[in-house]
Amino acid sequence: MNPILAAECVAKTFAGRRILSSASLRAVPGELRVLMGRNGIGKSTLLKIGAGCIAPDSGHIRFGGRAYLSVSLRKLAAEGLFYLPDHDLLSTAFTVRHQLEMIRRQFNGGDPAEAAGLMGIAGHLDKRPFELSGGERRRAELAAVFVRRPLCLLADEPYRGVAPKDAEALTKAFSSLAADGVAVVITGHEVPTLLDAADHVTWCTSGTTYELGPPQIAARNESFRREYLGSWFYSRAI
Amino acid sequence: MARAAITGALVLAGGDALRLSTTALVGVVLLIVALGWIETRRRREGAFLANLGVSPYVLSVFFAVPALFGEFVLHFGAALLT
């Protein structure tokens, strides 16, 4: 299937340091893709470029058949993209219910109570995000995604600092979205969790990306194992 | 709070704190918009607003309109009282 979102051959330099030289990001409807790579290698930068949060130095972005040299998240969001940043998404100024309602009204989205129930935070709807644990905040963000019903979801390190039970709920949510036809791309370092959930693995390294394919095939890639997964995973996989 | 601080400064300077000149009015509204933006950045609400499809211009208008309305209320209120 054709990707709904594609950031092709993008390059980005920050303060004289070349982060990406020719990297690509593709989000395919019905697929849960994971973008893996070492810290500081450019995963978040690539995701932000795909989401329209930062402009690439070169390369282009295609979303829903339209090509852009530079585009804003606001514009892509209106066309069906939802971006979860690597920090808390929801504002501390309003209750979770209020913010889910904002999304519902703006996009004629799903029922906030139903989405909250789906993510197991129905009892926290009238709390502000700072009253929730890290795992509950991630669940609330995923509830926002269910209310929005996007065509494409980009999530930057959604598993950061969450307990295994919350991680399990997040994985179920991502898989459910992909099963419903949403194009999902997530980043992170939680190798067993990500490889269990993924349909496709993209490896970001040395300023570029490699499409490694399904996790079973990716885990057998010698370079990927040697340079990213490390000896622990190597011994487990064997 | 910003308006209260400006009022305090104008009272101390012996000026009319309620009826601002056009230049001061524009300055106050720009200050309120700037403070709104700083608060939005501090709370890291940019991604949430962008996900809602809210443009920076619309957000600026949201900050400016209550400030303008407040200034007009003060201006005409003061005119009615004197």
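Residues are classed here by relative accessible area: buried means under 20%, exposed means over 50%, and partly exposed lies in between (1.4 Å probe, protein chains only). The structure is a predicted model, in which local features need pLDDT of at least 70 and side-chain atom pairs count only at pLDDT 80 or more, whereas totals for chains, interfaces and linings use all residues. Residues are numbered from 1 along each chain as its sequence is written, chains are lettered from A and ligands numbered from 1 in the order in which they are written, and side-chain values use heavy atoms, with hydrogens and water left out.

On chain B, a nonpolar surface patch is formed by B:Leu31, B:Leu35 and B:Ile38, which together have about 260 Å² of accessible area. Patches are made of residues with over 30% relative accessible area and no salt bridge, like charges being joined within 9 Å and nonpolar side chains (Val, Leu, Ile, Met, Phe, Trp, Tyr) within 5 Å. The areas come from the Shrake-Rupley method with a 1.4 Å probe, and for residues only the protein chains shown count as cover. B:Ile38 is part of helix H2 (residues 22–42) of chain B; helices (H or I, at least four residues) and strands (E, at least two) are DSSP runs, numbered from the N terminus. B:Ile38 counts as exposed because its relative accessibility is 54%.

A pair of aromatic rings is described by the distance of the centres and the angle of the planes. Rings of Phe, Tyr and Trp (its six-membered ring) pair if their centres lie within 6.5 Å; planes under 30 degrees apart count as stacked, over 60 as edge-to-face and the rest as tilted. By this rule, five aromatic pairs are counted over all chains. One of the pairs, A:Trp203 with A:Tyr210, is tilted, with 5.8 Å from centre to centre and 40° between the planes. A:Trp203 is buried at a relative accessible area of 5%, whereas A:Tyr210 is partly exposed at 42%. In chain B, the ring centres of B:Phe72 and B:Phe76 are 6.4 Å apart and the planes lie at 20°, so this pair is stacked. B:Phe72 and B:Phe76 are four residues apart in helix H4 (residues 56–81) of chain B and are therefore separated by about one helical turn. B:Phe72 is partly exposed, with 42% relative accessibility. In chain A, ring pairs join A:Trp203, A:Tyr210, A:Phe224 and A:Tyr228 into a cluster.

A charge also sits over a ring in chain A: the charged end of A:Arg148 lies over A:Phe107, 3.7 Å from the ring centre. The criterion is NZ of Lys or CZ of Arg within 6 Å of the ring centre and within 35 degrees of the ring normal.

Side chains of opposite charge can pair when their charged atoms come close. With a salt bridge defined as a side-chain nitrogen of Lys or Arg within 4 Å of a carboxyl oxygen of Asp or Glu, the whole structure contains 18 salt bridges over all chains. A:Arg26 and A:Glu8 form a salt bridge in which the closest N and O atoms are 3.1 Å apart. This pair links distant parts of the chain, with A:Arg26 in strand E2 (residues 17–27) and A:Glu8 in strand E1 (residues 5–14) of chain A, 18 residues apart. A:Arg26 is partly exposed at 27% relative accessibility, and A:Glu8 is buried at 13%.

A salt bridge also joins the side chains of A:Asp88 and A:Arg138 (2.4 Å, N to O). A:Asp88 lies in the loop between strand E6 (81–84) and helix H3 (96–107) of chain A, and A:Arg138 in helix H5 (residues 134–148) of chain A, so the pair ties together parts that are 50 residues apart in sequence. A:Asp88 is partly exposed, with 28% relative accessibility, while A:Arg138 is buried, with 4%. In chain B, the side chains of B:Glu39 and B:Arg43 meet in a salt bridge (3.2 Å, N to O). B:Glu39 is partly exposed at 27% relative accessibility, as is B:Arg43 at 32%. Salt bridges that share partners join A:Glu8, A:Arg26, A:Glu31, A:Arg33, A:Arg62 and A:Glu211 into one network.

A:Thr205, in strand E9 (residues 200–205) of chain A, is buried at 10% relative accessibility. Neighbours within four places in sequence aside, A:Thr205 is in contact (heavy atoms within 4.5 Å) with A:Ile41, A:Tyr210 and A:Glu227.
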